[in-house]
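I opened my notebook to look up a few things in one structure.

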Amino acid sequence: MFDGYDSCSEDTSSSSSSEESEEEVAPLPSSLPIIKNNGQVYTYPDGKSGMATCEMCGMVGVRDAFYSKTKRFCSVSCSRSYSSNSKKASILARLQGKPPTKKAKVLQKQPLVAKLAAYAQYQATLQNQAKTKAAVPVEGFSWGNYINSNSFTAAPVPCFKHAPMGTCWGDISEGVRVEVPNTDCSLPTKVFWIAGIVKLAGYNALLRYEGFESDSSLDFWCNVCGSDIHPVGWCATSGKPLVPPRTIQHKYTNWKAFLVKRLTGAKTLPPDFSQKVSESMQYPFKTSMRVEVVDKTHLCRTRVAVVESVIGGRLRLVYEESEDKTDDFWCHMYSPLIHHIGWSRSIGHRFKRSDITKKQDGHFDAPSHLFMKVKEVDAAGEWFKEGMKLEAIDPLNLSAICVATIRKVLADGYLMIGIDGSEAADGSDWFCYHATSPSIFPVGFCEINMIELTPPRGYAKLPFKWFDYLRETDSIAAPVKLFNKEVPNHGFHVGMKLEAVDLMEPRLVCVATVTRIIHRLLRIHFDGWEDEYDQWVDCESPDLYPVGWCQLTGYQLQPPAPQSSRDSQSSSSKQKKKAKSQQYKGHKKMTSLQLKEELLDGEEYSFLQGASDQESNGSASYYIKQEP
């Protein structure tokens, strides 16, 4: 399976000798490849056994296959030529980087290369990686240290279907073996050794070199999707040397036997893992594409913007009329806030016409098939109507779920919604949600799930009661059956760490924690900030990412504010956040209300108890209407 790479092991907690790899399938197999013993020689260039270098031609090969007892030469010819007149010419040729002579080809049972060539290739690889995949360091912050020191857990990669490898992660877990650079080595060339995954945190894995047993002194964190992690067998097929770490080199005299014992039956990455990582990081949106996107200063309308850059699927959009390209907006390519050119006209949404009469050179409309599709709805029967009441996440203050009203019904299932008590007279602060949006809820949702509901600003009759409010405003509640009640098996749990966009300033991706789960709704807390800046986000939001996403994509991660800074600069931090939210007209948090169940609009409903923070997955209904 690994082209002559002989690797074997004893069973581990993650072993499964009956499972086979599936190399031909496009997504990664759910079962990882099993390392097998094929009876061939497991080699490593330690200079003493296993590998040897011909003193005549420089060929690296299996030591046991070399000529004579001393194993100094790869063939009889090289042994005889060593003292001949061609000696000086051959050595000179090797120093000049010329390939070894044809007579050494018999040793190429495995695709091995000379050490000098490998070192040169390694240097070239490093340069290429530096150009194409530059990691963004965060000064003073390390996910590994942060997780280790606090015993945190991270949301697993399959929770994020929109992220790289989110749909083809497979069963990568603790115990999986990989080949990684050996940093505990004094050789001038880059060498590798086998390590096992001790702990997973998103894309990041805590690794331990084989042979260290329970010794964690040299454990290290590494991004599984990075360029330096490979499946077992990669070194053999790539001609890379495997060298045991210097710290444990004395533990075994026969490393071959050790690895044969340790690796049989263990799981490793699929052989095409790096290819799948690369494919999952190809994004269809390109610079200079034109889209329609929400106007960040007037949420009720859209504007034309141009894709300025694409990082990890996140788009920096510059509004078309911005001459200095500073008037921008960040969002993910699957965001419900962006649409193809002509979308606003097709559904009757407000649109700000650009002063630019024709497209600028090089700009072109993004194809409509690139945008996230919404579910089709049937508005022919009972449907949402203007004036109906509901509860909705306030896009200007994402920590609040507010009393809201449907102000306009658009085509294709889209609704214009306003927050009661905070609306502008001209409707400039209405915002558009689709009928299937997970950000709108029926009347009573907050009450039955013990979530604070923000009443209309200036409403004096507290505590707020929906029954009284509907009667006072002569309104009706939107029918429960019209709302999206699907709850996917998302996999999130309270306390999990992740990287999340601060949607009040969407260019920022921050260290965050899931603090509460209500069905498919997640409460996201930004580590280091006060709770009032938490945000309600859907479990399938494209603005949530696994730990290590920023490092993988080259995006800048915002670390948590240190405790000392929070204590000494609390007031300045709040001013900074408030200044930021003023651009989006965010509302202050209201006092918590204790609400009681009431009958709504004369209809009898039996409310199910909201899902607890632990009961986070599985299909469920928010409510059930009692049939007569």
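This is a predicted model: local features need pLDDT of at least 70, side-chain atom pairs count only at pLDDT 80 or more; totals for chains, interfaces and linings use all residues.

**Entry: cysteines**

I then checked the total, and the structure holds 0 disulfides. C510 is in no disulfide either; its nearest cysteine sulfur is in C550, 8.8 Å away.

Are these two cysteines buried or exposed? C446 is buried, with a relative accessible area of 0%. C510 has a relative accessible area of 7%, so this residue is buried too. The cut-off I used for buried is under 20%.

**Entry: strand β17**

C402 turned up again, this time in a strand pairing. Its bridge partner in β21 is T454. I followed β17, residues 401-409, to see which strands it pairs with.

- β16 (residues 389-393) runs antiparallel to β17, and 5 bridges join them. Here L390 stands opposite A404.
- β18 (residues 414-419) also runs antiparallel to β17, again with 5 bridges. Here K408 has M416 as its bridge partner.
- β21 (residues 453-454) pairs with β17 in the parallel sense, over 2 bridges.

I looked at the turn next. The hairpin of β17 and β18 has 4 residues between the strands. In this hairpin D412 takes a positive phi near 60°.

**Entry: helix α4**

Which residues of α4 are buried? I found W143, G144, Y146 and I147 in this helix, which spans residues 143-150. Seen down the axis, the buried residues fall within an arc of 165°, so they line one face of α4. I wrote down the rule behind this kind of pattern. An α-helix has 3.6 residues a turn, so residues three or four places apart point the same way.

On the other side of α4, I found N145 and S149 exposed. I also asked what covers the buried residues of α4. The cover includes the strands β5, β6, β7, β22, β23 and β27. Just after the helix, S151 takes a positive phi of about 55°.

**Entry: nonpolar cores**

β23 came up again here. The largest nonpolar core has 129 residues. β23 gives the largest share of this core, 7 residues. Which members touch the most other members? They are F285 and I524.

I listed contacts for I524, leaving aside neighbours within four places in sequence. Among them are L498, A500, A512, V514 and L544. D534 and Q535 are also in contact with I524.

There is a second, separate core of 7 residues. M416, the bridge partner of K408, is one of its members. Others include C300, I347 and Y414.

**Entry: S437**

Where is S437? I found this serine in the loop between β19 (431-434) and β20 (440-441). S437 has 11% relative accessibility, so it counts as buried. Its side chain reaches the backbone nitrogen of S439 at 3.0 Å. I also looked up V374, which is 63 residues away from S437 along the chain. Their C-alpha atoms are separated by 8.9 Å.

Definitions and conventions: Residues are numbered from 1 along each chain as its sequence is written. Side-chain values use heavy atoms; hydrogens and water are left out. Two strands pair if DSSP finds at least two bridges between them. A disulfide is a pair of cysteine sulfur atoms within 2.5 Å. Buried means under 20% relative accessible area, exposed over 50%, partly exposed in between (1.4 Å probe, protein chains only). The arc is that of the directions from the helix axis to the C-beta atoms. Contact means heavy atoms within 4.5 Å. A polar contact is a pair of N or O atoms within 3.5 Å; within protein, one must be able to donate a hydrogen and the other to accept it, and residues adjacent in sequence count only if both atoms are side-chain atoms. A nonpolar core is a set of buried Ala, Val, Leu, Ile, Met, Phe, Trp, Tyr and Cys residues joined through side-chain atoms within 4.5 Å.
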